Amino acid sequence: MWNAWSQRRLRAETVDRLLAAWLGAWALFDVPWWWRPPGHGGSGLAILAIAGLAVAQSLPFLWRRQRPAAVLAVTAAALAVKYGAHLNQWSASAAVLAAAYGLGAYGRQPARRAARLLAVMAVVAAVISLQAFRGSHSAAIACALLGTALVLGEVAASHRDVATSAARHAHEQDRAVLAREIHDVVAHQLSAIAVQAGAARFASADDPQVAVTAVAAIEQGARAGLAELNTLVRRLRQSGAADHHADPQPRLEDVGGLIERARESGLRAELLVDGEARPLTDAVELAGYRVVQESLTNAIRHAGGTAATVRLRYRADGIMIEVADDGPAELADAAVSPGGGAGLAGMGERARLLGGQLEAGRGQQGFVVRAFLPSAP
Ligand SMILES: Nc1ncnc2c1ncn2[C@@H]1O[C@H](COP(=O)(O)OP(=O)(O)O)[C@@H](O)[C@H]1O
Ligand SMILES: [Mg+2]
């Protein structure tokens, strides 16, 4: 990304240098050099003044992106001097048009507003001068060209704005995806570890065997968590979208492993599958897995119950996922803060992004999470 950015910068600088050189070379043709045939050469002062104007209408273009308004002011001043002194104005006019484009294209908001206003004024001036000088169209053409240059600059700037905001949006979406993944993976593994550690502490005095089993589960949970985190970090480091699928992501068929781990944490979890299980898109498979994972994590952390049922209903148009626990209803009812924590919010985002929906709250017995993920958005 850095490379692409620096290359673009280099290219932009080259363009600016070429433009400045070209405008300068053109303007230098207007200087009445002393080697010109008699009658065409000028005095030393005239040569110096016109060469100075040539510099003024070309050199500032090296800063046309940083100081577009100043560049327009300097070139307009050079044109005004040439006009006043009845000198050839072609090169200065070209410089003003290039600077006018820059005002819209590279100016900040106030400069861009000024450019839009100037464009309107130029068009109005073109119409008026068409009426006023019926014999000559050159003033109208000059105004129309100025207006066109300003508008073209504005168009370039708005194209850039659209591209920038699309890039920012994509960046924010990437961050949200990663935030959800990190939350779900880390919260899940750490809650299981916390529960197991608590069990080990209680059991260590009476039943060392239970403690040993719990510690073994902690070890396994920590390893599984590390493996998942490594996968996430690898994906973070891969820049190309094509690499995104390099690491296999968890799928609904891996829900059995979640059930097993929930059981190790002391939750009597069971899995029921209705309908013909079939592979769904990678996105749906991952989202479904994460919904089950986070719901079981919540059941272990918050429900205070002892059992949870995970139900996967395969339908023709997608999959219905339901995770219900038997935690005390009043606890679940009191617990759901509006907006919820990152877990419920993340599950909702996952479902909505795929065109599905998710609801969570008190069920008949305890807490129920119900999600529908369509197979085709
Ligand atoms: N199974 C559940 N039983 C009871 N309360 C729950 C359950 N799941 C979620 N909650 C409540 O909803 C809140 C939001 O959950 P969540 O978004 O996953 O955040 P977190 O788990 O980080 O607190 C929890 O803090 C908890 O109070
Ligand atoms: Mg949670």
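Helices (H or I, at least four residues) and strands (E, at least two) are DSSP runs, numbered from the N terminus. The views show a predicted model, in which local features need pLDDT of at least 70, side-chain atom pairs count only at pLDDT 80 or more, and totals for chains, interfaces and linings use all residues; side-chain values use heavy atoms, with hydrogens and water left out. Residues are numbered from 1 along each chain as its sequence is written, while chains are lettered from A and ligands numbered from 1 in the order in which they are written.

**View 1. The magnesium ion (ligand 2) and its coordinating residues, Glu294 and Asn298.** Glu294 coordinates the ion through OE and Asn298 through OD1, at 2.1 Å (donors are N, O and S atoms within 2.8 Å of the metal, or 3.2 Å for Na, K and Ca; water is not among the atoms, so sites may look incomplete). Glutamate 294 and asparagine 298 both belong to helix H9, which covers residues 282-303. About one helical turn separates glutamate 294 from asparagine 298, because they stand four residues apart in H9. Glutamate 294 and asparagine 298 are both buried (under 20% relative accessible area; exposed is over 50%, partly exposed in between; 1.4 Å probe, protein chains only).

**View 2. The shell of 14 residues around ligand 1.** The closest residues of this shell are Glu294, Asn298, His302, Asp325 and Leu344 (a residue counts if one of its heavy atoms lies within 4 Å). At least two shell residues come from each of H9, helix H10 (329-335) and helix H11 (342-353). The greatest contribution is that of H9, which gives six residues.

**View 3. Alanine 12 in helix H1 and alanine 99 in helix H4.** Helix H1, which holds alanine 12, comprises residues 2-29. Alanine 12 has a relative accessible area of 17% and therefore counts as buried. Its C-alpha lies 9.1 Å from that of arginine 65, although alanine 12 and arginine 65 are 53 residues apart in sequence. Alanine 99 is also buried, at 3% relative accessibility. From alanine 99 to leucine 146 the C-alpha distance is 9.8 Å, across 47 residues of sequence.

**View 4. Histidine 86 in the loop between helices H3 and H4.** Helix H3 spans 68-84 and helix H4 spans 90-106, with histidine 86 in the loop between them. Histidine 86 has a positive phi of about 55°, although it is not a glycine. With 72% relative accessibility, histidine 86 counts as exposed.

**View 5. Aspartate 174 in helix H6 and arginine 313 in strand S2.** Helix H6 runs over residues 138-206 and includes aspartate 174. Aspartate 174 is partly exposed, at 48% relative accessibility. Leucine 280 is 106 residues from aspartate 174 in sequence, and their C-alpha atoms are 22 Å apart. Strand S2, with arginine 313, covers residues 307-315. Arginine 313 is likewise partly exposed, at 30% relative accessibility. Between the C-alpha atoms of arginine 313 and glutamine 249 there are 21 Å, and along the chain 64 residues.

**View 6. Domain 1 (10-167) and domain 2 (267-377) of the protein.** These two domains are given by the domain assignment, which is automatic or taken from a database. Taken over C-alpha atoms, the centres of domain 1 and domain 2 are 64 Å apart.
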